[in-house]
Amino acid sequence: MKKTIIFGDSYSTFKGYIPEGYRVYYSEQGRPETDVTRVEETWWHSAFAETDSELVLNNSWSGSTIGFTGYDNVDCSKSSSFIYRLEQLIENRFFESNSIDRVFIFGGTNDSWSGAPIGELMLDSWERNDLYCVLPAICCFFKTMRDTLPNAEIYALINTELNPIIADGMKKACEHNGITAITFEHIDLRCGHPTIKGMQDIKEQVVKTVNKK
């Protein structure tokens with residue numbers, strides 16, 4: 001079994017399966033805008049069963065951005081951002097006490113939807129202030145993840161409704177850091193979130209890509 005972590009946003013949450021205090025979207029109670037009410041219906045739970053993946057940590061936070069700029073220009077540099085959450089794991093020596101073989105990164109959607117400044121692609125040499133812009137933040141997160149786990153399989157899931165500049169930047173950052181991009185052509189969505197059918201759309205492409213390696 002491959003010891004696996006997820007870094008995600010609402011698409012990858014489920015109540016009881018993410019760290020305490022993280023904002024959740026999917027739960028057994030359901031929501032009016034989606035039909036997903038069982039963890040077995042999530043993309044990751046069903047994909048793991050078919051890819052020999054064992055969940056060590058689902059580090060997903062609904063509404064979170066990779067970079068430091070959230071919705072309404074909120075500063076997420078010390079809260080929900082993917083970068084800060086990774087920094088906290090590193091600081092708390094998570095990766096020293098857990099041998100991780102596989103990583104799924106499913107983000108960028110809120111960076112695209114929030115209206116955060118896009119900035120310029122910076123594959124390296126960024127400074128802290130640059131990470132309030134989307135493209136430098138993506139590059140920083142991907143490189144930090146690769147540097148932290150040089151031997152792991154890392155997959156970046158690229159959503160269907162991203163700003164094309166952001167989607168292209170994610171693909172270039174993947175290529176630069178030896179990360180496998182999984183680019184979706186169709187996901188069944190309701191109010192911007194996967195339905196049960198949408199979760200299956202994600203799962204099928206993930207399984208197809210992972211099992212090719």
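Start by selecting helix α2 and showing its side chains: Phe82, Ile83, Tyr84, Arg85, Leu86 and Leu89 are its buried residues. Keep in mind as you click around that this is a predicted model. Now bring up what lies over those residues. Their cover includes β1, β2 (53–60), α3, β3 and α5. Then step just past the end of α2 to Arg93, which takes a positive phi of about 60 degrees.

Next, select Phe141, Phe142 and Met145. These three have the most contacts inside the largest nonpolar core, a group of 36 residues. Which helix gives the most to this core? Colour α5 (134–148) and you have found it, with eight residues supplied. Other elements that each bring at least two residues include β1 (2–8), α2 (82–91), β3 (102–106) and α6 (164–177).

Leaving out residues up to four places away in sequence, Met145 touches Phe7, Leu86, Val103, Ile105 and Ile154.

**A stop at Leu131**

Jump to Leu131, in the loop between α4 (109–113) and α5. Is Leu131 buried or exposed? Its relative accessible area is 2%, so it counts as buried. Show what surrounds it: not counting residues up to four places away in sequence, Leu131 touches Gly67, Phe68, Ile83, Trp126, Pro136, Ala137 and Cys140.

**Two helices side by side**

Now select α1 (residues 43–50) together with α7 (residues 196–210). These helices pack at an angle of about 30 degrees, and their axes are 8 Å apart. Turn the view until one lies over the other, and you'll be looking at a right-handed crossing. On the α1 side, the contact is made by Trp43, Ser46, Ala47 and Glu50. On the α7 side, look for Met199, Gln200, Ile202, Lys203, Val206 and Val207. Sorted by class, the contact has six nonpolar, two polar and two charged residues.

**Ring spotting**

Time to show the aromatic side chains. The structure holds 17 aromatic pairs. Zoom in on Tyr25 and Tyr26: their ring centres are 4.8 Å apart and their planes sit at 75 degrees, so this pair is edge-to-face. Both are buried, Tyr25 with a relative accessible area of 7% and Tyr26 with 1%. Then select Tyr11, Phe14, Tyr17, Trp43, Trp44, Phe48, Phe104, Phe106, Tyr155 and Phe184, which form one aromatic cluster.

Most residues other than glycine have a negative phi. Where do you find Asn73? Look in the loop between β2 and α2. Phi of Asn73 is near 65 degrees, a positive value, and the residue counts as exposed at 63% relative accessibility. Finish at Cys191, in the loop between β6 (189–190) and β7 (193–194). Cys191 isn't a glycine either, yet its phi is positive, about 55 degrees. At 62% relative accessibility, Cys191 is exposed.

Note on methods
Residues numbered from 1 in each chain as written. Predicted model: local features only at pLDDT ≥ 70, side-chain atom pairs only at ≥ 80, totals over all residues. Heavy atoms only, no water. Axes fitted to C-alpha atoms, helices over the stretch in contact; angles between N-to-C directions. Helix = DSSP H or I, 4+ residues; strand = E, 2+ residues; numbered from the N terminus. Left-handed = near helix turned anticlockwise from the far one by under 90°. Contact = heavy atoms within 4.5 Å. Nonpolar A, V, L, I, M, F, W, Y, C, P; charged D, E, K, R; others polar. Core = buried A, V, L, I, M, F, W, Y, C linked by side-chain atoms within 4.5 Å. Buried < 20%, exposed > 50% of the residue type's maximum accessible area, 1.4 Å probe, protein only. Phe/Tyr/Trp six-rings, centres within 6.5 Å; stacked < 30°, edge-to-face > 60°.
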